Amino acid sequence: MIDNVEGWEQLDPHDAVKRLPTSGASTRARNSAGAMDYVLQPVQPSQFAVVAGWLDSPEATLRWAGPGVPFPLPAEAFAAALALPSRPGWTLQDADGTCLGFGQYWQTTPGSTHLGRIIVSPQARGRGLGRVLMTALCAEAVRRTAAVQLTLKVYRDNLVAVALYRDLGFIASEDASTPELLFMARRTT
């Protein structure tokens with residue numbers, strides 16, 4: 001059994017705005033009062049163009065959004081292309097409301113929830129926000145779907161993401177993987 005990611009239990013499922021855990025130096029960003037500055041919230045129509053703007057080429061769109069998502073992705077087509085709300089979309093925002101990351105989850109089978117379209121703004125990469133986003137998104141997915149297993153797919157050549165997911169307890173399954181994509185899963189209990 002894989003342990004839960006440290007800090008998940010600190011998230012209150014009844015809060016409209018989730019305060020993220022403060023453990024780990026790479027996920028800390030404090031304001032002058034010392035409070036955590038990141039929140040995870042449902043994606044809003046006003047953010048569709050921002051997230052779509054991170055997909056700046058057909059290759060980036062395929063890599064981050066998957067096959068079937070058009071490039072360019074017009075804001076008015078965002079919800080339909082990403083199958084919102086059946087696949088809830090969430091944004092990671094700083095204290096000023098700047099959208100820094102995006103991710104989705106959807107139940108694939110009873111007890112199993114898949115995470116997808118996990119992306120950090122190109123301007124915000126390298127600051128540990130992938131860990132912040134993943135920790136919060138995993139907690140939200142478990143809370144909303146009662147998943148006992150989380151799954152995801154990642155390009156094998158995305159070594160930073162593969163390392164992060166392994167660090168968060170995801171284990172690769174070669175049987176379910178392809179030459180390009182690594183399938184990973186983690187128990188939540």
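Q: Over the ring of which residue does the charged end of R63 sit?
A: The model is a predicted one, in which local features need pLDDT of at least 70 and side-chain atom pairs count only at pLDDT 80 or more, while totals for chains, interfaces and linings use all residues. Residues are numbered from 1 along each chain as its sequence is written, and side-chain values use heavy atoms, with hydrogens and water left out. A charge sits over a ring if NZ of Lys or CZ of Arg is within 6 Å of the ring centre and within 35 degrees of the ring normal. The charged end of R63 lies 4.5 Å from the centre of the ring it covers, that of Y155.

Q: Over the face of which residue does R87 lie?
A: R87 is placed at 4.0 Å from the ring centre. The ring belongs to W106.

Q: Why is α4 described as largely enclosed by the rest of the structure?
A: Helices are DSSP runs of H or I with at least four residues, strands are runs of E with at least two, and both are numbered from the N terminus. Helix α4 covers residues 129–145, and L129, M134 and T145 are among its buried members. Buried means under 20% relative accessible area, with a 1.4 Å probe and protein chains only. The helix is largely enclosed because the buried residues number twelve of 17.

Q: How many residues apart in sequence are the parts that the pair of F48 and F78 ties together?
A: Rings of Phe, Tyr and Trp (its six-membered ring) pair if their centres lie within 6.5 Å; planes under 30 degrees apart count as stacked, over 60 as edge-to-face and the rest as tilted. F48 and F78 are stacked, at 4.5 Å centre to centre with 20° between the planes. F48 belongs to helix α1 and F78 to helix α3, so the pair ties together parts whose separation in sequence is 30 residues.

Q: Which strand holds the partner of W90 in its aromatic pair?
A: W90 and Y105 are stacked, 6.5 Å centre to centre and with 20° between the planes. Both residues are buried. W90 lies in strand β3, and Y105, 15 residues apart from it, lies in strand β4.

Methods
Expected span 1.5 Å × (residues − 1). Buried < 20%, exposed > 50% of the residue type's maximum accessible area, 1.4 Å probe, protein only.
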